[in-house]
Amino acid sequence: MQVRAENISKNYASMAALDDVSLTVQSGELVALLGPSGSGKTTLLRTIAGLETPDSGVVYFNDRDAAESRIQDRGVGFVFQHYALFKHMRVMDNIAFGLRARRKNKPKEADIKNKVMELLDLVQLSGLEKRFPSQLSGGQRQRVALARALAIEPSVLLLDEPFGALDARVRKDLRRWLREIHERTGHTTLFVTHDQEEALELADRVVVMSKGKIEQSATPDEIYDTPATPFVFSFIGESSVIPVVVGNGRATLDERLIDLQVGNLPDGPAQLFLRPEDVAMVTDGGPGIPGLVVSTRRIGGNRRVTMECGLARHRIEFDAPAEVPIANSQRLQVRIIGGRVYGAGEEGYETEKLAASATSDFKWAKAEGWLDR
Ligand SMILES: Nc1ncnc2c1ncn2[C@@H]1O[C@H](COP(=O)(O)OP(=O)(O)O)[C@@H](O)[C@H]1O
Ligand SMILES: [Mg+2]
(Lines give C-alpha, C1' and ligand atoms only; values in the text may rest on other atoms or scores of the structure.)
(Ligands and ions follow the chains in the order given, each with its own letter.)
Protein backbone atom coordinates (compact mmCIF):
# COMPACT_ATOMS: atom_id res chain seq x y z
CA MET A 1 0.00 0.00 0.00
CA GLN A 2 1.35 3.39 -1.00
CA VAL A 3 0.52 6.33 1.26
CA ARG A 4 0.49 9.80 -0.20
CA ALA A 5 -0.15 12.98 1.75
CA GLU A 6 -0.66 15.94 -0.58
CA ASN A 7 -0.41 19.59 0.42
CA ILE A 8 -1.52 19.03 4.00
CA SER A 9 -2.01 22.12 6.16
CA LYS A 10 -3.28 22.13 9.72
CA ASN A 11 -3.56 25.10 12.06
CA TYR A 12 -4.20 25.17 15.78
CA ALA A 13 -5.39 28.56 17.00
CA SER A 14 -3.69 30.41 14.11
CA MET A 15 -0.45 28.48 14.61
CA ALA A 16 0.55 26.27 11.69
CA ALA A 17 1.29 22.73 12.90
CA LEU A 18 1.60 21.60 9.26
CA ASP A 19 2.29 24.03 6.44
CA ASP A 20 1.63 22.57 2.98
CA VAL A 21 3.32 19.24 3.62
CA SER A 22 3.53 16.59 0.89
CA LEU A 23 4.94 13.13 1.53
CA THR A 24 4.80 9.78 -0.23
CA VAL A 25 5.62 6.48 1.45
CA GLN A 26 6.06 3.77 -1.17
CA SER A 27 4.61 0.33 -0.68
CA GLY A 28 6.90 -1.66 1.65
CA GLU A 29 9.10 1.32 2.45
CA LEU A 30 10.24 2.18 5.99
CA VAL A 31 10.32 5.96 6.32
CA ALA A 32 11.45 7.86 9.42
CA LEU A 33 9.87 11.21 10.14
CA LEU A 34 12.56 13.08 12.06
CA GLY A 35 12.39 16.48 13.72
CA PRO A 36 12.59 18.30 17.02
CA SER A 37 9.67 18.41 19.40
CA GLY A 38 6.84 20.58 18.04
CA SER A 39 7.84 20.24 14.38
CA GLY A 40 4.52 18.62 13.42
CA LYS A 41 5.45 14.90 13.26
CA THR A 42 2.59 13.63 15.40
CA THR A 43 0.09 15.87 13.64
CA LEU A 44 1.15 14.45 10.27
CA LEU A 45 0.96 10.87 11.54
CA ARG A 46 -2.45 11.41 13.09
CA THR A 47 -3.69 13.05 9.89
CA ILE A 48 -2.59 10.01 7.89
CA ALA A 49 -4.31 7.72 10.41
CA GLY A 50 -7.53 9.74 10.09
CA LEU A 51 -7.41 10.85 13.72
CA GLU A 52 -7.05 14.52 12.63
CA THR A 53 -8.81 16.27 9.78
CA PRO A 54 -6.49 18.59 7.83
CA ASP A 55 -7.59 22.16 7.06
CA SER A 56 -6.55 21.49 3.48
CA GLY A 57 -4.90 18.69 1.55
CA VAL A 58 -5.69 15.07 0.83
CA VAL A 59 -4.36 11.73 2.08
CA TYR A 60 -4.40 8.90 -0.46
CA PHE A 61 -4.06 5.19 0.29
CA ASN A 62 -2.98 3.88 -3.10
CA ASP A 63 -5.14 6.05 -5.32
CA ARG A 64 -8.08 6.26 -3.01
CA ASP A 65 -8.89 9.39 -0.99
CA ALA A 66 -8.62 8.05 2.58
CA ALA A 67 -11.27 10.48 3.83
CA GLU A 68 -13.84 8.37 1.95
CA SER A 69 -13.34 5.40 4.25
CA ARG A 70 -13.97 5.13 7.99
CA ILE A 71 -10.92 5.14 10.26
CA GLN A 72 -11.46 1.46 11.16
CA ASP A 73 -11.45 0.59 7.46
CA ARG A 74 -8.20 2.40 6.64
CA GLY A 75 -6.29 -0.64 7.89
CA VAL A 76 -3.84 1.38 9.95
CA GLY A 77 -1.80 -0.14 12.78
CA PHE A 78 -0.76 2.50 15.32
CA VAL A 79 1.89 2.26 18.06
CA PHE A 80 2.26 5.17 20.48
CA GLN A 81 5.11 6.29 22.68
CA HIS A 82 3.31 5.45 25.88
CA TYR A 83 2.25 1.87 25.98
CA ALA A 84 -1.43 2.02 25.31
CA LEU A 85 -1.92 -1.59 26.39
CA PHE A 86 -5.07 -2.61 28.22
CA LYS A 87 -3.84 -3.09 31.77
CA HIS A 88 -6.54 -5.52 32.82
CA MET A 89 -5.94 -7.84 29.82
CA ARG A 90 -3.32 -10.54 29.47
CA VAL A 91 -0.73 -10.19 26.72
CA MET A 92 -2.62 -12.64 24.48
CA ASP A 93 -5.90 -10.75 24.85
CA ASN A 94 -4.21 -7.44 24.17
CA ILE A 95 -2.84 -8.81 20.90
CA ALA A 96 -6.16 -10.42 19.95
CA PHE A 97 -8.13 -7.26 20.72
CA GLY A 98 -8.34 -5.82 17.21
CA LEU A 99 -9.36 -9.15 15.68
CA ARG A 100 -12.05 -9.84 18.27
CA ALA A 101 -13.44 -6.31 17.88
CA ARG A 102 -14.10 -6.84 14.18
CA ARG A 103 -17.67 -6.68 13.09
CA LYS A 104 -17.02 -7.92 9.56
CA ASN A 105 -14.73 -10.87 8.76
CA LYS A 106 -14.15 -11.73 12.41
CA PRO A 107 -11.89 -14.82 12.46
CA LYS A 108 -12.79 -17.97 14.41
CA GLU A 109 -11.42 -18.02 17.98
CA ALA A 110 -9.03 -20.91 17.08
CA ASP A 111 -7.61 -18.86 14.21
CA ILE A 112 -7.21 -15.84 16.48
CA LYS A 113 -5.25 -18.02 18.95
CA ASN A 114 -2.96 -19.23 16.18
CA LYS A 115 -2.42 -15.71 14.93
CA VAL A 116 -1.57 -14.50 18.45
CA MET A 117 0.99 -17.31 18.91
CA GLU A 118 2.55 -16.53 15.54
CA LEU A 119 2.87 -12.84 16.47
CA LEU A 120 4.29 -13.64 19.91
CA ASP A 121 6.95 -15.64 18.14
CA LEU A 122 7.62 -12.77 15.72
CA VAL A 123 8.12 -10.25 18.54
CA GLN A 124 10.08 -12.82 20.56
CA LEU A 125 7.72 -13.01 23.51
CA SER A 126 6.63 -16.66 23.28
CA GLY A 127 5.79 -18.00 26.72
CA LEU A 128 4.69 -14.64 28.11
CA GLU A 129 1.15 -14.76 26.69
CA LYS A 130 -0.52 -15.13 30.11
CA ARG A 131 1.27 -12.18 31.71
CA PHE A 132 -0.37 -8.83 32.40
CA PRO A 133 1.31 -5.63 31.11
CA SER A 134 2.43 -4.75 34.65
CA GLN A 135 4.50 -7.94 34.67
CA LEU A 136 6.54 -6.88 31.62
CA SER A 137 9.49 -4.55 31.11
CA GLY A 138 9.05 -1.37 29.09
CA GLY A 139 10.68 -2.90 26.02
CA GLN A 140 8.48 -6.00 26.25
CA ARG A 141 5.36 -3.85 26.50
CA GLN A 142 6.28 -1.98 23.32
CA ARG A 143 6.80 -5.30 21.58
CA VAL A 144 3.30 -6.35 22.65
CA ALA A 145 1.99 -3.02 21.34
CA LEU A 146 3.63 -3.76 17.99
CA ALA A 147 2.20 -7.29 17.90
CA ARG A 148 -1.23 -5.84 18.62
CA ALA A 149 -0.85 -3.32 15.79
CA LEU A 150 0.28 -6.09 13.41
CA ALA A 151 -2.56 -8.47 14.37
CA ILE A 152 -5.09 -6.72 12.15
CA GLU A 153 -2.71 -7.15 9.21
CA PRO A 154 -2.58 -3.42 8.61
CA SER A 155 -1.85 -2.04 5.20
CA VAL A 156 0.13 0.73 6.87
CA LEU A 157 2.01 0.75 10.15
CA LEU A 158 2.37 4.09 11.95
CA LEU A 159 4.69 4.37 14.95
CA ASP A 160 4.91 7.55 17.01
CA GLU A 161 8.18 7.59 19.00
CA PRO A 162 7.52 3.98 20.01
CA PHE A 163 10.83 3.65 21.88
CA GLY A 164 10.94 7.21 23.20
CA ALA A 165 10.22 6.27 26.80
CA LEU A 166 12.81 3.49 26.99
CA ASP A 167 16.42 3.75 28.04
CA ALA A 168 19.12 4.14 25.41
CA ARG A 169 20.36 0.57 25.49
CA VAL A 170 16.92 -1.04 25.10
CA ARG A 171 16.08 1.48 22.38
CA LYS A 172 19.12 0.44 20.39
CA ASP A 173 18.19 -3.25 20.60
CA LEU A 174 14.59 -2.56 19.66
CA ARG A 175 15.45 -0.52 16.60
CA ARG A 176 17.56 -3.35 15.15
CA TRP A 177 14.79 -5.74 15.97
CA LEU A 178 12.17 -3.52 14.31
CA ARG A 179 14.31 -3.33 11.18
CA GLU A 180 14.46 -7.15 11.09
CA ILE A 181 10.70 -7.43 11.54
CA HIS A 182 10.23 -4.94 8.73
CA GLU A 183 12.45 -7.01 6.49
CA ARG A 184 10.38 -10.11 7.24
CA THR A 185 6.91 -8.60 7.00
CA GLY A 186 7.45 -5.77 4.51
CA HIS A 187 4.77 -3.45 5.87
CA THR A 188 4.60 0.11 4.58
CA THR A 189 5.85 1.86 7.70
CA LEU A 190 6.07 5.47 8.86
CA PHE A 191 8.12 5.86 12.01
CA VAL A 192 8.30 9.10 14.01
CA THR A 193 11.36 9.96 16.07
CA HIS A 194 13.33 12.96 17.32
CA ASP A 195 16.45 10.76 17.59
CA GLN A 196 18.79 11.32 14.62
CA GLU A 197 20.74 8.12 15.17
CA GLU A 198 17.57 6.07 15.33
CA ALA A 199 16.27 7.55 12.08
CA LEU A 200 19.55 7.13 10.19
CA GLU A 201 20.05 3.56 11.34
CA LEU A 202 16.52 2.29 10.89
CA ALA A 203 14.98 3.88 7.84
CA ASP A 204 15.17 3.42 4.07
CA ARG A 205 14.43 7.12 3.81
CA VAL A 206 14.50 9.96 6.30
CA VAL A 207 12.13 12.92 6.13
CA VAL A 208 13.38 15.83 8.23
CA MET A 209 10.76 18.27 9.55
CA SER A 210 11.04 21.68 11.15
CA LYS A 211 8.26 24.11 12.06
CA GLY A 212 5.54 22.26 10.18
CA LYS A 213 7.51 21.93 6.95
CA ILE A 214 9.64 19.25 5.33
CA GLU A 215 13.28 20.34 5.09
CA GLN A 216 14.61 17.31 3.24
CA SER A 217 13.54 13.84 2.21
CA ALA A 218 16.39 11.50 1.27
CA THR A 219 18.31 8.34 2.12
CA PRO A 220 20.22 8.30 5.43
CA ASP A 221 23.52 8.68 3.53
CA GLU A 222 22.29 11.68 1.56
CA ILE A 223 20.86 13.30 4.68
CA TYR A 224 24.20 12.99 6.45
CA ASP A 225 26.52 13.73 3.53
CA THR A 226 24.57 16.38 1.64
CA PRO A 227 22.17 18.07 4.05
CA ALA A 228 19.94 20.38 1.99
CA THR A 229 19.67 23.13 4.58
CA PRO A 230 21.61 24.44 7.58
CA PHE A 231 18.78 23.14 9.72
CA VAL A 232 19.32 19.58 8.50
CA PHE A 233 23.10 19.91 8.84
CA SER A 234 22.92 21.08 12.43
CA PHE A 235 20.05 18.82 13.49
CA ILE A 236 21.65 15.64 12.16
CA GLY A 237 25.07 15.77 13.77
CA GLU A 238 27.44 17.87 15.79
CA SER A 239 28.15 21.15 14.07
CA SER A 240 30.07 24.40 14.29
CA VAL A 241 29.32 27.47 12.18
CA ILE A 242 31.72 30.15 11.00
CA PRO A 243 31.02 33.13 8.76
CA VAL A 244 32.86 33.05 5.44
CA VAL A 245 32.85 35.19 2.31
CA VAL A 246 31.84 33.87 -1.13
CA GLY A 247 33.36 35.41 -4.23
CA ASN A 248 34.08 34.08 -7.72
CA GLY A 249 32.51 30.75 -6.81
CA ARG A 250 34.81 30.10 -3.85
CA ALA A 251 34.65 30.61 -0.11
CA THR A 252 37.28 32.34 1.98
CA LEU A 253 37.88 32.68 5.69
CA ASP A 254 40.07 35.64 6.64
CA GLU A 255 40.97 35.85 2.93
CA ARG A 256 42.28 32.30 3.03
CA LEU A 257 40.72 30.06 0.40
CA ILE A 258 38.63 27.12 1.59
CA ASP A 259 38.54 24.18 -0.75
CA LEU A 260 34.76 23.58 -0.86
CA GLN A 261 31.99 23.76 -3.46
CA VAL A 262 29.77 26.77 -2.93
CA GLY A 263 27.12 25.81 -5.47
CA ASN A 264 25.35 28.82 -6.89
CA LEU A 265 25.51 31.03 -3.82
CA PRO A 266 25.72 34.73 -4.61
CA ASP A 267 28.87 36.68 -3.77
CA GLY A 268 28.92 38.06 -0.26
CA PRO A 269 28.68 36.77 3.30
CA ALA A 270 27.87 33.10 3.80
CA GLN A 271 28.22 30.52 6.54
CA LEU A 272 30.38 27.46 6.72
CA PHE A 273 28.93 24.52 8.63
CA LEU A 274 31.43 22.00 9.93
CA ARG A 275 31.24 18.63 11.61
CA PRO A 276 34.08 17.60 13.93
CA GLU A 277 35.46 15.32 11.19
CA ASP A 278 35.61 18.25 8.74
CA VAL A 279 38.47 19.83 10.66
CA ALA A 280 41.96 18.40 11.06
CA MET A 281 44.88 19.57 13.12
CA VAL A 282 47.91 20.56 11.06
CA THR A 283 50.85 18.48 12.24
CA ASP A 284 53.16 18.71 9.23
CA GLY A 285 53.99 22.39 9.59
CA GLY A 286 51.92 23.22 6.51
CA PRO A 287 49.56 26.18 6.27
CA GLY A 288 46.47 26.30 8.45
CA ILE A 289 44.04 28.49 10.30
CA PRO A 290 45.51 29.53 13.65
CA GLY A 291 43.49 29.10 16.79
CA LEU A 292 43.45 28.83 20.52
CA VAL A 293 42.22 25.77 22.43
CA VAL A 294 39.33 26.66 24.73
CA SER A 295 38.50 23.25 26.12
CA THR A 296 38.93 19.54 25.52
CA ARG A 297 36.90 16.51 26.51
CA ARG A 298 37.25 12.83 25.94
CA ILE A 299 34.81 11.13 23.50
CA GLY A 300 35.57 7.44 23.05
CA GLY A 301 38.98 7.00 21.41
CA ASN A 302 39.22 10.69 20.54
CA ARG A 303 39.61 14.02 22.22
CA ARG A 304 36.98 16.58 21.21
CA VAL A 305 38.73 19.94 21.02
CA THR A 306 36.90 23.27 21.12
CA MET A 307 38.97 26.09 19.73
CA GLU A 308 38.59 29.69 18.71
CA CYS A 309 39.93 30.24 15.25
CA GLY A 310 40.51 32.94 12.71
CA LEU A 311 40.68 36.67 13.30
CA ALA A 312 37.16 36.80 14.72
CA ARG A 313 37.83 33.85 17.06
CA HIS A 314 34.88 31.73 16.03
CA ARG A 315 34.36 28.53 17.91
CA ILE A 316 34.79 25.25 16.13
CA GLU A 317 35.06 21.70 17.37
CA PHE A 318 37.14 18.86 16.01
CA ASP A 319 38.48 15.51 17.11
CA ALA A 320 42.10 14.62 17.68
CA PRO A 321 43.46 11.21 18.66
CA ALA A 322 43.39 10.86 22.44
CA GLU A 323 47.12 10.16 22.61
CA VAL A 324 47.98 13.58 21.13
CA PRO A 325 48.46 15.89 24.12
CA ILE A 326 46.38 19.04 23.71
CA ALA A 327 45.94 21.48 26.57
CA ASN A 328 43.70 24.45 27.21
CA SER A 329 45.03 27.77 25.84
CA GLN A 330 47.40 25.94 23.53
CA ARG A 331 47.83 27.56 20.11
CA LEU A 332 47.52 25.34 17.08
CA GLN A 333 46.64 25.30 13.39
CA VAL A 334 43.79 23.50 11.70
CA ARG A 335 42.78 22.72 8.16
CA ILE A 336 39.21 22.58 6.81
CA ILE A 337 38.82 19.27 5.00
CA GLY A 338 35.01 19.12 4.63
CA GLY A 339 31.80 20.89 5.52
CA ARG A 340 29.17 22.82 3.61
CA VAL A 341 28.63 26.44 2.72
CA TYR A 342 25.12 27.92 2.98
CA GLY A 343 23.67 31.38 2.44
CA ALA A 344 24.06 33.89 5.24
CA GLY A 345 20.36 34.25 6.01
CA GLU A 346 19.53 30.57 6.45
CA GLU A 347 18.95 29.40 9.99
CA GLY A 348 20.37 26.27 11.53
CA TYR A 349 18.99 24.35 14.46
CA GLU A 350 19.47 26.48 17.58
CA THR A 351 22.52 28.19 16.09
CA GLU A 352 21.34 31.48 17.52
CA LYS A 353 21.47 30.13 21.04
CA LEU A 354 24.87 28.54 20.52
CA ALA A 355 26.32 31.68 18.98
CA ALA A 356 25.03 33.78 21.86
CA SER A 357 26.62 31.54 24.47
CA ALA A 358 29.92 31.39 22.59
CA THR A 359 30.01 35.19 22.40
CA SER A 360 29.32 35.59 26.09
CA ASP A 361 32.01 33.03 26.97
CA PHE A 362 34.38 34.91 24.73
CA LYS A 363 33.59 38.22 26.43
CA TRP A 364 34.04 36.64 29.80
CA ALA A 365 37.37 35.09 28.81
CA LYS A 366 38.57 38.39 27.39
CA ALA A 367 37.49 40.33 30.46
CA GLU A 368 39.42 37.91 32.64
CA GLY A 369 42.51 38.48 30.50
CA TRP A 370 42.42 34.77 29.80
CA LEU A 371 42.79 34.97 26.03
CA ASP A 372 46.05 36.86 26.16
CA ARG A 373 47.86 34.49 28.49
N1 LIG B 1 -4.43 19.48 19.83
C2 LIG B 1 -3.62 20.54 19.71
N3 LIG B 1 -4.03 21.77 20.07
C4 LIG B 1 -3.22 22.86 19.92
N5 LIG B 1 -1.98 22.80 19.42
C6 LIG B 1 -1.51 21.61 19.06
C7 LIG B 1 -2.30 20.41 19.17
N8 LIG B 1 -1.57 19.36 18.70
C9 LIG B 1 -0.38 19.89 18.34
N10 LIG B 1 -0.35 21.22 18.54
C11 LIG B 1 0.79 22.11 18.20
O12 LIG B 1 1.20 21.85 16.89
C13 LIG B 1 2.60 21.83 16.77
C14 LIG B 1 3.07 20.49 16.25
O15 LIG B 1 2.82 19.51 17.24
P16 LIG B 1 3.15 17.98 17.05
O17 LIG B 1 2.59 17.51 15.76
O18 LIG B 1 2.69 17.27 18.29
O19 LIG B 1 4.74 17.98 16.98
P20 LIG B 1 5.81 16.82 17.24
O21 LIG B 1 5.09 15.51 17.22
O22 LIG B 1 6.79 16.98 16.13
O23 LIG B 1 6.42 17.11 18.56
C24 LIG B 1 3.14 22.16 18.16
O25 LIG B 1 3.45 23.51 18.21
C26 LIG B 1 2.00 21.81 19.07
O27 LIG B 1 2.03 22.60 20.22
MG1 LIG C 1 5.01 14.02 18.69
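**Exercise 1.** Into which domains is the chain divided?

*Solution.* This is a predicted model, in which local features need pLDDT of at least 70, side-chain atom pairs count only at pLDDT 80 or more, and totals for chains, interfaces and linings use all residues. Residues are numbered from 1 along each chain as its sequence is written, while chains are lettered from A and ligands numbered from 1 in the order in which they are written. The chain splits into domain 1 (3–225) and domain 2 (230–367), with bounds from an automatic or database domain assignment. Their centres, taken over C-alpha atoms, are 39 Å apart. Eight residues from domain 1 and five residues from domain 2 form the contact; two residues are in contact if their C-beta atoms, placed from the backbone, lie within 7 Å.

**Exercise 2.** Determine how helix 3 is oriented to helix 4.

*Solution.* Step one: helix 3 (residues 109–122) and helix 4 (residues 138–151) pack at about 135°, their axes 10 Å apart. Helices are DSSP runs (H or I, at least four residues), numbered from the N terminus. Axes are lines fitted to C-alpha atoms over the stretch in contact, and angles run from 0 to 180 degrees between N-to-C directions. Step two: helix 3 is therefore oblique to helix 4. Angles under 35 degrees count as roughly parallel, over 145 as roughly antiparallel, 65 to 115 as roughly perpendicular and the rest as oblique.

**Exercise 3.** Name the residues through which helix 3 and helix 4 meet.

*Solution.* From helix 3 come K115, L119, L120 and L122; from helix 4 come A147, L150 and A151.

Note on methods. Helix = DSSP H or I, 4+ residues; strand = E, 2+ residues; numbered from the N terminus.
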